Amino acid sequence: MPTAQIEKKPRKTSGSPYPLWFFLPAGVIYGVLFLVPTFASLYFSLTRWNLFNSTFIGFENFLSFVQEPFLIKGLINTVIFAVSTALLKTIIGLALGILLTSNIRMRGLLRTIAFFPILVSTIGIGITFAVMMHPTRGIINVSLELIGIDGPGWLTDPTLALYSVAFVEVWRGVGLASVIFIAGLVSIPRDYYEAARIDGATKWQQFKRITLPLVQPATATVMILSFVYGLRSFELIWTMTKGGPGFSSDVIASVIYKQYQAGFYGLSTAGNVILFILIAVMVMPLVAYFNRREVDL
Amino acid sequence: MSGLELKKVCKSYGAVEVIKDLSLQIESGEFVVFVGPSGCGKSTLLRMIAGLEDCSGGTVEIGGEDVTDAEPSDRGIAMVFQSYALYPHMSVRDNIGFGLSLAKTPKAEMNARVEEAAKILQLTDYLDRKPKALSGGQRQRVAIGRAIVRNPKVFLFDEPLSNLDAALRAKMRLELTELHANLNVTMVYVTHDQVEAMTMADKIVVLNKGVIEQVGKPMDLYNNPATAFVAGFIGSPQMNLLEGAAARKLGAEIYGIRPEHIDISRESGLWRSTVRQIERLGNDAILYLDVEDVGSLTVTTDGQTDVVIGDMLFATPQPQNEHRFPTIAR
Ligand SMILES: Nc1ncnc2c1ncn2[C@@H]1O[C@H](COP(=O)(O)OP(=O)(O)OP(=O)(O)O)[C@@H](O)[C@H]1O
Ligand SMILES: [Mg+2]
């Protein structure tokens, strides 16, 4: 059509360099794997369902989930677990990243070792540590005994169990965190540090005034990823304590799973929706905060 | 304000010797330019003066004091990097004042010194911008400002103009020369551009493969190059260097004559040649001649010349401007 040729192509204000159909495959995958399940679970959370049929019951599931006696405990535990693992992974990951970008010997080998836990399945790690943390026969307490210390029941003491699992989660995740930090650290030009040295900056000042602000994108990535992971965390807790002793190390995910096991499908779906909303509400301000402070190199 | 002395400094990376037994005296207030081809060790030498690289041997003295093992910040130097090394997360003001804030200088004094430096460098209107929002020349000036506020005894520059376009480079050359005159401090300047060396230096140090080929005033190097390497490096277009039979006929292993020291004529002369190519620069024209038994010859002549490609010309070197060297540079 001649008129079609005269017509100017619409200028995309978004400034994307790709035509729309480029996004189609990704859009379809996103729709099938993410949007559909999300809305389906939104719907099912409003029903009482099993594999064959479902009855619409409104917000009843949410009401009974919220009335679940150990939910508050699970909520608090979830936040403790997510905050402590995210902070520790960030701090230790950054320290490891700095160590592994310095001129130490066998740097390559050390990087591989730090990354290694990522390659092991979380469940495998959980089982292994559960064995090592056994109060009388576990290697940790046996070793402590050798030097005359009476080790606590890492996973059997209700005040300790959650933190023991959190420790294992940090051990598992800190390798990935340090890899992200290494990527961020090596992108900071060496000139910056040399200029700072000439200006008389101590190592600590170099860290505070140059490294910390410029590694910020990596810090944000690690913080947000570990925080979200911590909020959703399930495998380690389930393999190591099953939420016990009692309900002392239950998190939302394990509470949900227990209801699912008991056949309360609608209830557990409602729990999932609540978990999703909780994550969104807690992570959004974090993302906004980091976005505002971003600097580009 | 003080001078600088290098005594037999050397530097090796593993088995590779980058700087070999180099000694050099720089007077107080001098503008010294290190010039040489890429990889000859200019940056390394400058960084050894700064204390960013340690010496494998020898001593570095600044203001009569041995600073060989001193920290960079204790040497009374300031350095401007080729990349400028401006902190992207800090404003121009904070970049310039970075060193002062580290030294816990009182706020009022810091502001005064930053603003004074900004005034010298015409940066006053940009103090609250981030480096990203500045042009290349402005960034360059911020980097210089950061050096100025330290009140250093010696300024070190590592190819500070190489990221700028030709026009801006010419302007900054002039500004740097004026800055040197105003501050009256010692400046050591690294470049691979012989034009920068010729125009700015009180003293040029020509480096080649980690050793000094020659030290001297720009015009001394131009008029009396000590080696064929210096002769080829200083001056633009490059000096014609003839070797082999053609040179021996003129009584030298290597015979050098600058393009501007060759007379051309249509009637008679030493070398009979044909014009292969002409570059017209306006005021000058550069002729590329093919000479039988001698090879290619570059000649500069008047920009208004009526010579065209393919013309037959006679070229004659001016006897008082001939250079004779024993052998080619290493
Ligand atoms: N860390 C290093 N390890 C090994 N060799 C190095 C190192 N740094 C520099 N060199 C070598 O030292 C020599 C001199 O390097 P330098 O950077 O001083 O050259 P330059 O004269 O500044 O060159 P350019 O004009 O390209 O900047 C080069 O051959 C380089 O390969
Ligand atoms: Mg260099």
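This tour moves through selections in chain B and then in chain A of a predicted model.

**Chain B as a whole**

Begin by selecting chain B and orienting the view along its principal axes, where the C-alpha atoms occupy a box of roughly 75 × 45 × 30 Å. Coloured by secondary structure, chain B shows 10 helices and 18 strands. Of its 330 residues, 54% count as buried. For contacts in chain B between residues at least 6 apart in sequence, 64% connect residues at least 24 apart.

**The nonpolar cores**

Next, select B:Leu6, B:Val9, B:Phe34 and B:Leu156, the residues with the most contacts inside the largest nonpolar core, which has 50 residues. Then turn to B:Leu121, B:Leu127, B:Val149 and B:Val185, which are among the members of a second, separate core of 45 residues.

**Backbone features of chain B**

Most residues other than glycine have a negative phi, and most peptide bonds are trans.

Select B:Asp21, which lies in strand β2 (residues 16-26) of chain B. B:Asp21 is not a glycine, yet its phi is positive, at about 45 degrees. Is B:Asp21 buried or exposed? Its relative accessibility is 52%, and B:Asp21 therefore counts as exposed, the cut-off being over 50%.

Proceed to B:Tyr84, in the loop between β6 (77-80) and α2 (92-96) of chain B. Here too a residue other than glycine has a positive phi, near 75 degrees. B:Tyr84 has a relative accessible area of 7% and is therefore buried, since buried means under 20%.

The last stop in chain B is the pair B:Ser236 and B:Pro237, joined by a cis peptide bond with omega about -5 degrees. B:Pro237 belongs to the loop between α9 (228-233) and β11 (240-243) of chain B.

**Helix pairs in chain A**

Now move to chain A and select helix α9 (residues 190-198) together with helix α10 (residues 203-214); their axes are 11 Å apart and the packing angle is about 160 degrees. Helices α9(A) and α10(A) are therefore roughly antiparallel to each other, as angles over 145 degrees count as such. The crossing of α9(A) past α10(A) is right-handed. To display the contact, show A:Tyr192, A:Tyr193, A:Ala196 and A:Arg197 from α9(A), which meet A:Gln206, A:Ile210, A:Thr211 and A:Leu214 from α10(A). By class, this contact of α9(A) with α10(A) comprises 5 nonpolar, 2 polar and 1 charged residues.

Finally, select helix α11 (residues 216-232) and helix α14 (residues 265-293) of chain A, which pack at an angle of about 175 degrees with axes 10 Å apart. That angle makes α11(A) roughly antiparallel to α14(A). On the α11(A) side, display A:Gln216, A:Ala220, A:Met223, A:Ile224, A:Phe227, A:Val228, A:Leu231 and A:Arg232. On the α14(A) side, the contact is made by A:Leu275, A:Ile279, A:Met282, A:Val283, A:Leu286, A:Val287, A:Phe290 and A:Arg293. How many nonpolar, polar and charged residues does the contact of α11(A) with α14(A) have? There are 13 nonpolar, 1 polar and 2 charged residues.

Technical notes: Residues are numbered from 1 along each chain as its sequence is written. Chains are lettered from A and ligands numbered from 1 in the order in which they are written. This is a predicted model: local features need pLDDT of at least 70, side-chain atom pairs count only at pLDDT 80 or more; totals for chains, interfaces and linings use all residues. Side-chain values use heavy atoms; hydrogens and water are left out. Axes are lines fitted to C-alpha atoms, for helices over the stretch in contact, and angles run from 0 to 180 degrees between N-to-C directions. Helices (H or I, at least four residues) and strands (E, at least two) are DSSP runs, numbered from the N terminus. Angles under 35 degrees count as roughly parallel, over 145 as roughly antiparallel, 65 to 115 as roughly perpendicular and the rest as oblique. A crossing is left-handed if the near helix is turned anticlockwise from the far one by less than a right angle, and right-handed if clockwise. Contact means heavy atoms within 4.5 Å. Ala, Val, Leu, Ile, Met, Phe, Trp, Tyr, Cys and Pro count as nonpolar, Asp, Glu, Lys and Arg as charged, and the others, Gly among them, as polar. A nonpolar core is a set of buried Ala, Val, Leu, Ile, Met, Phe, Trp, Tyr and Cys residues joined through side-chain atoms within 4.5 Å. Buried means under 20% relative accessible area, exposed over 50%, partly exposed in between (1.4 Å probe, protein chains only).
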